[in-house]
Amino acid sequence: MKREHQETEAGGGGGYHVATAGDMTGAKGKMTAGPSMGTEDDDCGVDELLAALGYKVRSSEMADVAQKLEQLEVAMASTAAAASDDASVLPQIASDTVHYDPSDLATWLDSMLSELNAPPPPLPPPPPVAASVHHHHHRFDVSTASAVSEPPAITTVAPLRPSDAYDFKPVPAPAAASGGRVVYGLDPQSEMIVSPRDQKRKRTCSPSSSSSRGAEAGRARGSRTEGASSAKPAAAVPVVVVDTQESGIRLVHALMACAEAVQQENLKAADALVKHISVLAASQDGPMRKVAGYFAAAIARRIYRRRPLSQVDRALDSPALDDLLHGHFYESCPYLKFAHFTANQAILEAFSSCRRVHVIDFGMRQGLQWPALLQALALRPEGPPSLRLTGIGPPQSDHSDALQQVGWKLAMLAKSIGVDFRYRGFVASSLADLESRMLLERDGNEGDRDDEGEEEAVAVNSVMELHRLLARTGALEKVLRMVLAVRPRIVTVVEEEANHNGGTFLDRFTEALHYYSSMFDSLEGSGGQAAEAGEEEQQQHRAMAEAYLGRQICNVVACEGAERTERHETLGQWRGRMARAGFEPAHLGSNAFKQASMLLALYAGGDGFRVEETDGCLTLGWHTRPLIATSAWRVSAAATR
């Protein structure tokens, strides 16, 4: 969907807008590109997402455009300061300015910068340089600023041709220069001190330091002209270096301001901020850039989403694609493995000495949890029990019987290790559509008790499924009553440790931003199981896992009502819900903690991941932030009366 460019006031550096150019991978939806702008040669390499919103920017020029926007902001702030002393400055600029088509951002930014920046006095001619002196020029790239060992002092380099005007080539800083100092060519007697958190402020320098910087600038200019000693000094272009830490803080502030505008239904301001977020995200690298891209895309989807959903949207929301991404998420990080290992350990301990056991899985998916339990049951000293597994899953868009295919594979495994195994799959759009009698129904002449009168021991397992029921009023309560009716020995619940079901959109957005920032950071820090997969395969798993989390972000931010199914709640909130439904905590033993600790050793040595025990429950987090929680429950004594 193509939108017209909206003009805004120039105050606060807000006189420009660039569409979202966040990192969008995997299954995330893309906006359809609008009509072609110019010839095929002109459009070659143009970013599709920016072109869809009417902005013509080549993908290779994104970093350059971001730099120019930063320069424009500084220049406009300087002009506003000058206008406070001379009221005729801004009207004169407004009357003399020629407004180019802003769809060509690079040309438009060049014209604005040339008009806002008055040409400075010419630099003094460079002093003679000894032939033995060698000059080294280092290219400064904002996206890879962390690779520079020491922060250089950036001196002004006079441009010789338009393509070189913003080719940043700083001269190494003198030993006495402090980190973060940026020297501008607008005034040879002044320099800027960059604070990591505060705005830039000017400080007057001594003539000797100014002359030395002028000499360095002259030498840099002489080295680029390849011996043209008679060339006249050219006007200097102000060079602004983007501090990635500072721009990261501004990026978070822009995201929060955009969410507040959405909550206030100020869609015009939200539209402008979404475009500005992509500019700030372009100077970031790693997880923050990806998170900002997914959140900006989710807000844009909330603002521009069309009704009814297109065929592409329905395809991206299909259960088959969700299962595919879920499998990659399982392989790329330890969260789902932690959930399966801890839940299996609780189930195994509850089934101790039982000869007939029944597991009801609320989210069967690909059955990744159950091969480990089958093998553990097969190794019991008293021999394996007879296992019945009931798997529940959503209907497939292609009407395939995916649940039966999973059951067939598990049956083959059980046969190979000598476990008596029976399986039944139930297709249901929601867990609330099921009844307890359906779950306890048996095949043929199978009775409730074995030959010795022992009842079947039942376990109910839910891994990241119960929070979806909160989208429908009363659905969770109905399902918990159904669970209570089957009288399980153990109920295992694994949920995200976050509150994405808050009352206001801004609260939900803030919590989600912190939660998924930690989650994406842990994906980057997780080395994966290198022994089982190569680096290229791990990168593929990680990219698809990011798309899996991106779908969750989109649901939390862009959807409302029954469509918003990712309604995660904290462990404390689940304790209250389970207690009201008639369940009491069943503490997870030390074996579950040991299993989780051994698992983390497979992922980059476990660095960064942390397992904690909280009131009989286990949480897995990244550094100090818990991200996933496992709890176990049994029917309370009061509920059995």
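Visitor: What does the secondary structure come to?
Guide: In this predicted model, the protein has 21 helices and 12 strands.

Visitor: And how many of the residues are buried?
Guide: The protein contains 641 residues, and 50% of them are buried.

Visitor: Which share of the contacts joins residues at least 24 apart?
Guide: The share is 76%, counted among contacts between residues at least 6 apart in sequence.

Visitor: Changing topic: how many salt bridges are there?
Guide: A search of the whole structure finds 21 salt bridges. One of them pairs Lys 275 with Asp 271, and their closest N and O atoms are 3.1 Å apart.

Visitor: Where do Lys 275 and Asp 271 sit?
Guide: Both belong to helix α8, which covers residues 267-282. They are four residues apart there, so about one helical turn separates them.

Visitor: Is Lys 275 buried or exposed?
Guide: Lys 275 counts as buried because its relative accessibility is 3%, and the cut-off for buried is under 20%. Asp 271 is buried too, with a relative accessible area of 2%.

Visitor: Which residue does Glu 511 pair with?
Guide: Glu 511 forms a salt bridge with Arg 625, with 2.9 Å between the closest N and O atoms.

Visitor: Which parts does that pair tie together?
Guide: Glu 511 lies in helix α17 (residues 505-525), whereas Arg 625 lies in strand β12 (residues 625-635).

Visitor: How accessible is Glu 511?
Guide: Glu 511 has a relative accessible area of 22% and is partly exposed.

Visitor: What joins Glu 560 and Arg 564?
Guide: Their side chains meet in a salt bridge, at 3.5 Å from N to O.

Visitor: And which of those two is buried?
Guide: Arg 564 is buried, having a relative accessible area of 5%. Glu 560, by contrast, is partly exposed at 35%.

Notes
Residues are numbered from 1 along each chain as its sequence is written. This is a predicted model: local features need pLDDT of at least 70, side-chain atom pairs count only at pLDDT 80 or more; totals for chains, interfaces and linings use all residues. Side-chain values use heavy atoms; hydrogens and water are left out. Helices (H or I, at least four residues) and strands (E, at least two) are DSSP runs, numbered from the N terminus. Buried means under 20% relative accessible area, exposed over 50%, partly exposed in between (1.4 Å probe, protein chains only). Contact means heavy atoms within 4.5 Å. A salt bridge is a side-chain nitrogen of Lys or Arg within 4 Å of a carboxyl oxygen of Asp or Glu.
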